[in-house]
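Please view the sequence and the model first, then read the points grouped by topic below.

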Amino acid sequence: MCTCMMKVNYSLYLVTDNTTAILGDRDLCWVVEEAVKGGVTVVQLRDKTSETAGLIRIAKRLHNITKGHDVPLLINDRVDVAFAAGAEGVHLGQDDMDIETARKLLGPNAIIGVTASSREEARQAVEGGADYLGIGTLFTTPTKENTKFIIGTSGTRDILDSLASLEQQVSTVCIGGINATNAQRVLYQSRSPSKGLDGIAVVSAIMAAPDPRKAAQDLRELVMRPPRFAAESDDKRTHAVDEILSKVPEIVAKVGAQAPLCHNMTNLVVQNFAANVALCIGASPIMANNGDEAEDLCQLGGALVINMGTVTPDGLQNYLKALRSYNAVGGPVLFDPVGAGATKQRREAVKSLMAGGWFDLIKGNEGEIKTVSGASGVQQRGVDSGASTLSLQEKATLVARTAARERNIILMTGKTDLISDGSRTFAINNGHEYLGEITGSGCTLGTTVAAFMAVHRGDKLLAAIAGIFMYEIAAEQAAKRDDVRGPGTFVPAFLDEISAIKKQTSNGQTGWLSAAN
Ligand code: 3NM
């Protein structure tokens with residue numbers, strides 16, 4: 001048995017797979033060698049089919065490769081194979097040999113990792129002497145079907161949080177459905193206040209990649225670099241309502257002065273109205289539903305709205321491309337999951353989008369936010385997408401919990417709008433019933449909020465609140481006008497009033513804000 005005295009770097013942990021679906025007709029050792037050259041830091045040989053002698057042969061070949069790069073080799077389940085091949089350790093599932101026996105057989109310096117899906121499994125493994133935990137299953141994955149629990153980033157965070165109270169230190173990786181598009185989001189959203197993950201474990205993202213070395217390089221870079229989307233948060237975020245109100249005019253004026261690009265991937269019904277609202281608040285709208293265009297557009301310092309009001313399978317792929325482009329540069333992205341709970345296709349689209357990247361803000365009505373709160377592949381209890389069943393307090397709790405879980409901002413619109421970043425939750429009572437009688441008022445609020453986030457990135461919750469006040473107070477002012485007799489005459493008056501607020505604010509007149517409620 002090889003002993004491992006070095007501190008193990010768990011940042012990019014590769015689990016092998018020898019099935020044709022993943023490996024194809026390539027040589028396992030070649031793929032692993034390429035992956036290690038690309039930056040994999042731990043290799044686990046996982047092979048559920050080879051007989052013992054064959055498995056030992058493969059383990060020895062792999063060990064020759066990994067040793068040359070100072071990368072530990074661990075064997076899944078098979079303590080005997082680890083011993084015979086001189087590997088650095090084993091990875092044990094919940095139904096495998098107990099840690100104590102494995103430790104006796106392999107020696108005190110062997111690396112022993114254990115799969116954990118719950119706080120209890122994690123505690124037992126740590127107290128039993130595990131060196132690291134493989135936390136999962138994070139997301140459903142075709143690589144390993146029929147896994148016991150899909151725990152999502154919230155389950156992972158819960159386990160990490162529970163480790164803080166234990167005496168022993170343990171390293172952690174998570175596994176299941178991780179790839180280059182979600183690796184940074186997974187690390188970001190899984191971090192508990194007391195502990196973050198030490199790395200990610202992947203199978204198909206490297207083993208099935210046409211160029212495993214490049215795939216490993218890309219993943220390693222993503223894991224080592226702080227996500228751009230989280231880079232600009234301002235630690236001095238204010239909680240006080242008066243202070244928030246005092247900053248609103250400055251942000252409204254910034255939108256007018258900077259004219260941020262507001263990239264809308266929105267539904268067919270509201271394109272024209274959304275572009276008009278964007279112009280009236282002072283933003284520069286572009287309605288571009290082709291995801292490939294996002295690569296250029298995301299460089300222009302603006303924000304993206306993904307509004308899935310008329311989602312199609314092609315549209316979904318376009319949204320995912322654009323989301324990746326904006327996430328890569330840290331451009332704010334607002335998700336409007338229109339009709340999220342209405343059909344299976346929409347529920348699936350919400351899951352794909354939430355798995356495919358990170359949203360700075362998710363905005364929806366009660367049913368949509370309920371669907372979002374049940375997404376992310378997480379099994380939630382008591383979540384449905386039916387008619388309004390929640391009290392205001394329950395809605396506020398749902399909004400705050402979902403925001404804390406996603407580590408983003410959740411805005412639930414309604415007679416009272418509720419907005420939270422997980423630690424700060426506010427209710428806003430502005431607006432007018434005409435907004436509910438015209439099409440696209442929710443969607444264009446999304447356009448407004450996105451543009452506001454583009455210019456005030458240090459505190460996007462504050463930016464969103466400023467946008468909501470501008471929009472909803474403009475609606476109140478429009479509804480009061482003598483020439484407004486109903487929803488038809490309301491629309492042009494509403495655009496006029498938004499534009500008037502922009503002009504007044506840039507001239508230092510902030511009286512309109514006294515209606516904030
Ligand atoms: N163990 P991919 S999930 C090997 O939950 C394995 O313990 C899991 O494959 C667990 O990276 C899994 O291709 C498969 O999604 C992960």
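**Overall architecture**

In the protein chain, 70% of the contacts with a separation of 6 or more join residues 24 or more positions apart; two residues are in contact if their C-beta atoms, placed from the backbone, lie within 7 Å. This is a predicted model, in which local features need pLDDT of at least 70 and side-chain atom pairs count only at pLDDT 80 or more, while totals for chains, interfaces and linings use all residues. Residues are numbered from 1 along each chain as its sequence is written.

- The protein chain contains 20 helices and 16 strands, which are DSSP runs numbered from the N terminus (helices: H or I, at least four residues; strands: E, at least two).
- The radius of gyration is 26 Å, close to the 24 Å that the globule rule gives for 517 residues, so the chain is as compact as a globular protein of that length. The radius is taken over C-alpha atoms, and the rule is 2.2 Å times the number of residues to the power 0.38.
- Along the principal axes, the C-alpha atoms fill a box of roughly 90 × 45 × 40 Å.
- Of the 517 residues, 53% are buried, meaning that 20 or more other C-beta atoms, placed from the backbone, lie within 10 Å of the residue's own.

**Ligand surroundings**

- The ligand is surrounded by 18 residues, and the closest are G136, T137, T141, T143 and S204; a residue is near the ligand if its C-beta atom, placed from the backbone, lies within 6 Å of it.
- This shell divides into 6 nonpolar, 10 polar and 2 charged residues. Ala, Val, Leu, Ile, Met, Phe, Trp, Tyr, Cys and Pro count as nonpolar, Asp, Glu, Lys and Arg as charged, and the others, Gly among them, as polar.

**The eight-stranded sheet**

- An open sheet of mixed pairing is formed by 8 strands in the order β10-β9-β11-β12-β13-β14-β15-β16; two strands pair if DSSP finds at least two bridges between them.
- β10 (284-287) and β16 (425-428) stand at the edges with a single partner strand each, so one side of each has no neighbour in the sheet.
- From one strand to the next, the twist averages 15°, with axes fitted to C-alpha atoms (for helices over the stretch in contact) and angles running from 0 to 180 degrees between N-to-C directions.

**Local details of the sheet**

- β12 (residues 333-336) and β13 (residues 361-364) pair in the parallel sense over 2 bridges, and L334 has L361 in β13 as its bridge partner.
- Helix α16 (residues 366-373) lies across β13 and β14 (409-412), at about 135° to β13.
- β15 (residues 417-420) and β16 pair in the antiparallel sense over 4 bridges, with S420 opposite T425 in β16.
- These two strands, β15 and β16, form a hairpin with 4 residues between them, and G422 in the turn has a positive phi of about 100°.

How values were computed: Buried ≥ 20, exposed ≤ 12 C-beta atoms within 10 Å, placed from the backbone.
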